[in-house]
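Here are my notes on this one, for you to read next to the model.

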Amino acid sequence: MSKPLPETANFLKQAERNVTLEGTLPLNRLERLSEFLHDNSGELFAKLNFSSNTGYLRMQGHVEATLDLVCQRCLQPMEFPVSGEFKFGLLTSEKYEDRLPPDAEPYLLEGDEQSLIEVLEDELLLSIPIAVTHQEECSEFLQQQAEELRVEKEKSSPFAVLKVLKRD
Ligand SMILES: [Zn+2]
């Protein structure tokens, strides 16, 4: 069992102490992500490694979750596993940005505590494809829908009305 991650942390202190945080967060705490979800009762798992012995203040990590998204083709819920890797260079001022290695994204430290939720939510949002659709199960829904549509059309077609009239 993984323990819950803190929602905020002092990133600078974590980096100075070379701390590794590992654990889970409930997806319903991620409001922006929740808008994309059919059901947000799941949780994410993340591992974050803070370090200061790499020549800069680094926050590197991994986040993963199984999201309950809505298929953009049949509009039915679908489970979709996502994951993301990130590497940030923690900065106390923008002027130090050019001291970061090119593969580290700048993260400007503001206030005493920073939001872990925000960092992990951004990564998960980036990992969602623009249009997610079922691989195979979807066709069943589509066929069903096409059939319903056909029946619906037949009912409402003017010829159907004519047929009824003729019968009278
Ligand atoms: Zn589908």
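This is a predicted model: local features need pLDDT of at least 70, side-chain atom pairs count only at pLDDT 80 or more; totals for chains, interfaces and linings use all residues.

1. Terms first: two strands count as paired if DSSP finds at least two bridges between them. Helices (H or I, at least four residues) and strands (E, at least two) are DSSP runs, numbered from the N terminus. By that reading, strand E4 (residues 58-70) and strand E5 (residues 77-91) run antiparallel, joined by 13 bridges.

2. Residues are numbered from 1 along each chain as its sequence is written, and side-chain values use heavy atoms, with hydrogens and water left out.

3. E5 has another partner. With strand E6 (residues 105-108) E5 pairs in the parallel sense, over four bridges. Gly89 has Pro106 in E6 as its bridge partner.

4. Overall, the protein chain has five helices and seven strands, in the order β-α-β-α-β-β-β-β-β-α-α-α along the sequence. Taking contact as heavy atoms within 4.5 Å, 56% of the contacts between residues at least 6 apart in sequence join residues at least 24 apart.

5. On surface: areas come from the Shrake-Rupley method with a 1.4 Å probe, and for residues only the protein chains shown count as cover. The protein chain exposes about 11100 Å², with carbon and sulfur atoms supplying 50% of it. Buried means under 20% relative accessible area, exposed over 50%, and partly exposed in between (1.4 Å probe, protein chains only). Of the 168 residues, 34% count as buried.

6. Is Glu121 buried or exposed? Glu121 counts as buried because its relative accessible area is 5%. Glu121 belongs to helix H3 (residues 116-127), and its side chain reaches the backbone nitrogen of Leu33 at 2.8 Å. Leaving aside residues up to four places away in sequence, Glu121 touches Leu30, Glu31, Arg32 and Leu33.

7. Then the backbone angles. Leu75 is not a glycine, yet has a positive phi of about 60°. Leu75 belongs to the hairpin of E4 and E5, which has six residues between the strands. With 59% relative accessibility, Leu75 counts as exposed.

8. Asn18 is another non-glycine with a positive phi, near 50°. Asn18 is found in the loop between helix H1 (11-16) and strand E2 (20-26). Asn18 counts as partly exposed because its relative accessible area is 34%.

Definitions and conventions: A polar contact is a pair of N or O atoms within 3.5 Å; within protein, one must be able to donate a hydrogen and the other to accept it, and residues adjacent in sequence count only if both atoms are side-chain atoms.
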